[in-house]
Amino acid sequence: MSLLLFCLILLSTIFSVVFGFWWDSTAPFKIHLSVLASLLAVFLSAILIINIYPRVQRRASTANQNSNLDNIAWGHDISSKLSTPAAVIEGYNIKFANNAFLKELGMSGMREFIADMPLTNLIHPSNHHTLTELLSQPDVQQANETVMLRMLYVDGTTIPVHMSLSPLDAAEKANQFLLQFSATTSVEPASTSASNDLSYHMLVDRIEQIVFQINVDQELIFLNPSWERILDYPIDECMDKPFFSFIHPEDIPLAEARLNALTEGKRQQCQFELRLIAKNGRSHWFEIRSSTTSKLKGERSSIIGTLTDISKMKLSSAGRKANSHSVTDMIMPNVPCMLYRCKNDRNWTFDFVSEGCLEVTEYQPYEITNSLHFNYMQLIYPEDQQRVWEHVQNQIIKQRSYQIVYRILTRSNKVKWVLERGKGVFSGSDELLTLEGVIIDITCDSYDELTTGLEQIMNSAPETDHH
């Protein structure tokens with residue numbers, strides 16, 4: 001525009017200079033008048049161009065923008081009338097999504113949040129490359145392209161879908177598309193799907209085990225009728241409630257560790273035992289077998305599984321255990337002693353101790369078993385430590401049993417006399433595996449009486465071969 005104005009002014013100046021040299025006072029008045037009219041016409045044309053050209057340019061630009069907006073608006077109108085999930089995208093950004101699209105991804109009522117959101121936010125990261133190839137293909141402008149992708153549900157779970165793109169206006173706006181997708185399960189023939197659904201429902205409804213599904217927030221989203229038959233909870237009242245609210249408090253830490261590992265994709269499946277609390281307050285033992293709904297490691301997903309009632313088996317096992325008292329079980333409660341299995345290190349680290357440990361040392365078994373903070377050598381009276389160590393090591397070298405009397409200091413710093421009798425357990429290549437034995441408190445009782453009890457215990461226990 002500035003160049004055109006400059007040219008008009010330059011031409012007018014040249015014309016004026018030439019006219020000045022050419023001017024002749026003897027020329028007729030008509031010639032003078034025509035020259036002045038020409039100059040006036042030039043200046044008026046310049047003024048009109050200066051005022052009209054910007055308006056014409058703005059109108060052309062607005063018309064072009066309206067054409068682009070019409071494409072998006074047309075896409076909005078088409079997608080909103082579709083019953084299948086559909087959206088209008090420009091490049092990688094979502095411009096509009098219909099209700100079916102939002103509902104399928106669990107985002108109903110969130111249209112304002114999804115506007116201008118990158119489409120990659122709703123596609124599983126492992127499929128981003130496939131989406132990029134689809135959008136960058138030249139032939140996507142001429143024909144629809146359908147690909148298999150996994151989209152992300154609002155809770156992080158994945159939905160396998162068939163996705164297609166249709167260009168809105170390939171000539172003017174090459175990066176505007178109408179996106180449509182459908183879940184893979186919806187493409188099965190109606191008759192086959194209905195027949196399969198009937199079989200699955202019958203199987204799930206009549207199976208004795210509880211079939212369940214929980215989402216990534218550990219909330220129940222599916223239960224079969226066995227849940228109500230066994231635990232007496234109405235299924236409708238349990239939906240969307242935390243699964244852990246039905247687990248026995250003592251079993252919650254184990255259940256959280258195992259199930260959280262599944263939802264976070266650290267494990268693919270697990271199996272363990274836990275107790276569920278029925279509506280009447282009674283606890284039932286179950287064996288739980290569960291797995292993730294995704295086979296990709298590290299991907300958050302929901303959990304599906306079964307709960308098998310093993311309460312009767314637990315009661316039967318407890319009954320057999322109660323009736324299986326050995327001679328040792330009957331003698332040990334009457335004798336202040338502790339059975340042990342330990343390593344032959346300087347601390348004599350315990351791998352196992354019996355319940356009599358509390359009476360002898362005043363320590364609970366769990367406090368001294370495989371503990372980094374417990375040292376049995378420090379419990380031995382300082383003046384007896386070297387003597388005990390040397391005697392045990394000499395007998396082990398000879399692969400003989402050892403028996404020794406020494407003093408220990410209990411938790412309350414009380415001095416006790418104890419009798420220890422044990423032996424080493426060796427492998428086929430004469431490698432020492434562990435030490436096993438018994439420690440008896442002989443402080444208060446008759447030594448002869450305790451010796452007799454010790455002999456009964458050792459004679460009733462099966463012999464361990466020294467290889």
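Helix α15 is followed by Gln399, a residue whose phi is positive, near 55°. The model is predicted. Most residues other than glycine have a negative phi.

**Helix α15: length**
- Helix α15 runs over residues 382-397 and has 16 residues.
- From its first C-alpha to its last, α15 reaches 24 Å, close to the 22 Å expected at 1.5 Å a residue.

- The buried residues of α15 are Asp384, Val388, Trp389, Val392, Gln393, Gln395 and Ile396.
- Seen down the axis of α15, these buried residues fall within an arc of 160°, so they line one face of the helix.
- An α-helix has 3.6 residues a turn, so residues three or four places apart point the same way.
- The exposed residues Glu383 and Ile397 are on the face of α15 turned away from its buried side.
- The partners against which the buried residues of α15 pack are α14 (376-379), β13 (402-409), β14 (415-426) and β15 (432-441).

- Asp240 sits in the loop between α8 (235-238) and α9 (252-263), and Asp240 is exposed, with a relative accessible area of 53%.
- Glu362 lies in the loop between α12 (357-361) and α13 (365-368), and Glu362 is partly exposed, with a relative accessible area of 24%.

Definitions and conventions:
Residues numbered from 1 in each chain as written. Predicted model: local features only at pLDDT ≥ 70, side-chain atom pairs only at ≥ 80, totals over all residues. Heavy atoms only, no water. Helix = DSSP H or I, 4+ residues; strand = E, 2+ residues; numbered from the N terminus. Buried < 20%, exposed > 50% of the residue type's maximum accessible area, 1.4 Å probe, protein only. Expected span 1.5 Å × (residues − 1). Arc of directions from axis to C-beta. Contact = heavy atoms within 4.5 Å.
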